[in-house]
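Open the model in your viewer and keep the selection tool at hand. The stops below go from the whole assembly down to single residues.

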Amino acid sequence: MSGKVRACYACQRNGRLTCRRTRLGEPCLKTYPLECVNLLKRARIAFQAGRTLTEGFRLAQLEAVVRMLEEHECDFVDALGRDLHKPRFETVVSELIPVKNEAFHAISNLKKWMQPQHVEGNMSTTLDECLVVSEPLGVVFIIGAWCSPVQMCLVPLVGAIAAGNCAIISPSECTAHTAELLHRLIPFYLENECFHVIIAGTSDLPEVLELKYDHVFFTGNREEGSRIAQAAARTLTPVTLVLGGKNPCYVDQHCEIATTAQRIAWARFHNAGQNVVAPDYILCHTNVKAQLVQALKGCLMQFYGSDPRESRSYGRMVNLEIFNRTRDMLWRSGKVAVGGQVIEAEKYIAPTILTEVTGPDSVMQQDVFGPVLPVLTVMCMDEAIAFINKQEKPLCVYAYSSNSKVISRLMSETSSGSFCSNDSILQSLMVTLPFGGVGASGMGSYHGRYSFDTFSHRKSCLLRGTRFECVTYLRYPPYEDRNLSLMTWASTLSQKSQGWCQIL
Amino acid sequence: MSREQLVVQQARKSFQTGKSKPLQYRILQLNSLLRFISERRRNIADAVKRDLGKSENGAELFETLGLEGEIKLAIGKLAEWAAPRPVEKNLLTISDEVYVQPEPLGVVLIIGAWNYPWAVTLQPLVGAIAAGNAAVIKPSEVSPHSAKVMEELLPLYLDKDLYPVVTGGVAETQELLKQRFDHIFYTGNSTVGKLVMKAASYHLTPVTLELGGKSPCYIDKSCDITVACRRITWGKFVNCGQTCIAPDYVLCEPCIQSRVIEEIEKSIKEFYTDDPKSFEDYGRIINQRHFKRVMALMEGSSVAVGGDSDESQCYIAPTVLKDVTRDSKVMKEEIFGPLLPIIAVSGVDEAIQFINEREKPLVVYVFSHDNKLIKRVLAETSSGALLANDCLVHFTVSALPFGGVGNSGMGCYHGRYSFDQFSHLRSCLIKQLKMEAVNSMRYPPHTAKKLGWARFLLLKQVNVCKLQRVSLVIMLAGLAAFVVQRFLRRG
């Protein structure tokens, strides 16, 4: 995709040496910041015309998203197969189904979410209506990541649509086929003026962000996240950032090793390890380490056979840059206990388990976005907790143990975006749980109702009458002590404790 | 190492000891804060009088009344807010524990403002303490007396390592902003807001910004103009117009304009007497710089009421301006002073258009008897909040989120929202190592059969409650059938 490919005419004109063409002979689909100005303008006009405000419109768009995924399942499988060598199963289960679930959830709950929420006032507002109304923000910008390209663009999009916004989506250019597919399909399913797909490089993004959006949703790594946040600060644009992190996974001495190994192996090696919520490294109790490594080896054999390269269920690295980075990490850290084979031409890295890894090793200094699983040993849980807390707060913390006290302790003494015991990844697939990071792993959250809230503004409304001025007079100057005590009384009591107020 | 660096480091060390985690500790600190407000009422009122010329009763009404309410609410509800929040499960997680656990963020920074130096600086602190964080408090240097009192007296009540007060000017604030926090809460203007957000972005720190804007006030000809004007007068001239949610300008039809001006003039006399300058309950502009700024805004518009001023006292009389257009100087920035421009519009359509041409404000006010009109303004404009037929009071309702949107800010607080703003809501899924057979369908090698199972199990969300209800109904039906059968048999 890069380097030796000759740039198309448009890219050459813009002084670029590399180009984004998915098939030779086809025009480059790269969107330049200037084009974004036009798209943003069109989206704004569409938003101001009020098109996205009705429930009917939002439902129609959500249903269209589902239809698009159903009617083009094969195209998505094909595109992701080319980009990441993703097996059909994974595409359907980890990319398409989560988006459909989100859309169904939004469709069945939209009416409820759109309803104004009545809230409890205080006594001085007894006769008034206090409500919280959710209104759309305007035009939102969604930047997807390459590890789960469909899910990470379309799940936030579902939230943005449900909340009544217009949206501009930028799928990652690293997964070129998927980006191109979305770019081609979305205009056939979603309202053309309200929703646009652009294909921009991450280096162009800060410039694109100079144009004012009403919310920016970004999934990616920390450095890019910080740049996005800085660009957004210039225009006071709120952001949601879902960033990476080293997700620790603690394996206790009291746990069922076979099941543990299976769940960890699945979580780590699906999509060839390119998953933002996968366990990044294992902190294994010294008593069970050997067993765990053996069990993991067995699972890998079971999942991918003796040569994962031949397996149809095993993926590839998305591009050479990630491949090189992961390979370097692998070669410079610890000892290879399982796997370790690499084939550059195919961007293939075998499922690899590293042992004798220490803190300063290269694999522990950066996020592992590949099929490499370092296993570190700890003497006790305290050591594990201390180690985890020395690192930045990750997206997820995992713990495997049959002792619920161990689980509770690990949960309460660490901090992360989310926590899951005795399994991995599932907590990020649930529509009812907020998914997001904290600290260095991000800010804000989404999924289900949380997506709707992320892309809405909750406006407080207090609707009073102009009668009963006799009560209101208490607050006007001149301020007298008597008035003050009456006001104190009136403003601190709530309706619930004074049931008789409701009769009024 | 600078003083600010040391303070933040100390706060972090203190937080890491875990002492702010137990709810009992947080309630203890909140009770101390409550005691501080009641025991030091005089000091607080005195400081506010020196900073803003507010009378003692005025200070209590606007600074500490709301604060006390928030603290009591937090103390009463803390157990509920901090408890795990269970969520709806799906078929695959039916036997698991699924919930959201609120957790403290760590060390937060609260930058206060000068217009309500106590309310605006300490109300966020209530949320920060309740959520279990350490908090560095930076009161505004523009209200120096209040800042000094806070610095001297607060450490006598609150843990001085966990909740240090740092005073200082621009340089000290910039030094503070270089440090790493887990959340920054800023109240002030959008220029500095952008700088705060930028500084925060280097550390990936989330922010809550309570900024300002020009809050429009539309008076419909159908409303009770006397009451409306009285409420607007109150809302506008409280604290000498230096309230972020004060009605900034009035929009009304030309036919009621003179009546509006007349009623406002009457209300001003009623509240502040014929000579507001000598009246105890009328405040002053915070300092010379703001005085000059506000005076300059009057250029180009005619004064309908008031207009006099006294630079030596930073006094500006309650003033109403007419013949104001969208290009007048007074419409170019947030007034934050006792000038009330009245702009003529042909009706609610033009008013809505006028409002939408500008940045989203903190509040939109509308005075009308016509509910349809109110609902229209509600639906067709966007702002932090909307108030019909009154001013400012939504601030006192703890159940309403208080915050801005767009240029007027991001994030919200008050009541439970304060707690949530300073917490991290962590998703928790507690599973067991059993029932592995169910999981086996997700493991490679992938087959079409497994895919079919996956589709079935994952695609539909089953509401557990519904399942329970359905099974209950089936059970009851079965039981009923059984009973009827036995009865029939007997008979």
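How many residues of chain B are in contact with chain A? Colour the two chains separately to see the answer: 103 residues of chain B are in contact with 104 residues of chain A, where contact means heavy atoms within 4.5 Å.

Before going on, note that this is a predicted model, in which local features need pLDDT of at least 70 and side-chain atom pairs count only at pLDDT 80 or more, while totals for chains, interfaces and linings use all residues. Residues are numbered from 1 along each chain as its sequence is written, chains are lettered from A and ligands numbered from 1 in the order in which they are written, and side-chain values use heavy atoms, with hydrogens and water left out.

**Stop 1: the interface**

Select both sides of the contact between the chains. Together, chain B and chain A bury about 8600 Å², and 61% of that is on carbon and sulfur atoms. Buried area here is the accessible area (1.4 Å probe) that two parts lose on being put together, summed over both.

Now look for charged pairs across the boundary. There are four salt bridges between chain B and chain A; a salt bridge is a side-chain nitrogen of Lys or Arg within 4 Å of a carboxyl oxygen of Asp or Glu. Select Arg464(A) and Asp390(B) to see a salt bridge whose closest N and O atoms are 2.6 Å apart.

Polar contacts are the next thing to display. Between chain B and chain A, 35 residue pairs are in polar contact, both residues being at pLDDT 80 or more. A polar contact is a pair of N or O atoms within 3.5 Å; within protein, one must be able to donate a hydrogen and the other to accept it, and residues adjacent in sequence count only if both atoms are side-chain atoms. The side of chain B that touches chain A has 50 nonpolar, 28 polar and 25 charged residues. In this count, Ala, Val, Leu, Ile, Met, Phe, Trp, Tyr, Cys and Pro are nonpolar, Asp, Glu, Lys and Arg are charged, and the others, Gly among them, are polar.

**Stop 2: chain B as a whole**

Chain B has 17 helices and 19 strands. Helices (H or I, at least four residues) and strands (E, at least two) are DSSP runs, numbered from the N terminus. The C-alpha atoms of chain B fill a box of roughly 90 × 65 × 50 Å along the principal axes. Of the 491 residues in chain B, 60% are buried; buried means under 20% relative accessible area, exposed over 50%, and partly exposed in between (1.4 Å probe, protein chains only).

**Stop 3: a sheet that spans both chains**

Show chain A again. Which strands make up the open sheet of 10 strands? Its order is E1(A)-E2(A)-E20(A)-E15(B)-E14(B)-E7(B)-E8(B)-E13(B)-E12(B)-E9(B), with mixed pairing. Two strands pair if DSSP finds at least two bridges between them. At the edges are E1 of chain A and strand E9 (302–305) of chain B, each pairing on one side only.

Strand E1 (residues 117–118) pairs with E2(A) in the antiparallel sense over two bridges, and His118(A) stands opposite Leu131(A). Seven of the eight residues of E2 (residues 129–136) of chain A are buried, so this strand is largely enclosed by the rest of the structure. E2(A) also pairs with E20(A), antiparallel over eight bridges, with Glu135(A) opposite His457(A).

Next, cross into chain B. E20 (residues 456–463) of chain A pairs with E15 (residues 385–388) of chain B in the parallel sense over four bridges; Cys461(A) has Leu386(B) as its bridge partner.

**Stop 4: two residues of chain B**

Is His394(B) buried or exposed? His394(B) is buried, with a relative accessible area of 2%. This residue lies in the loop between E15 and strand E16 (402–403) of chain B. Leaving out residues up to four places away in sequence, His394(B) touches residues including Leu462(A), Ile245(B) and Tyr365(B).

Finish at Ser190(B), in helix H8 (residues 190–202) of chain B. Ser190(B) is partly exposed, with a relative accessible area of 24%. Not counting residues up to four places away in sequence, Ser190(B) touches Leu236(A), Leu211(B) and Asn407(B).
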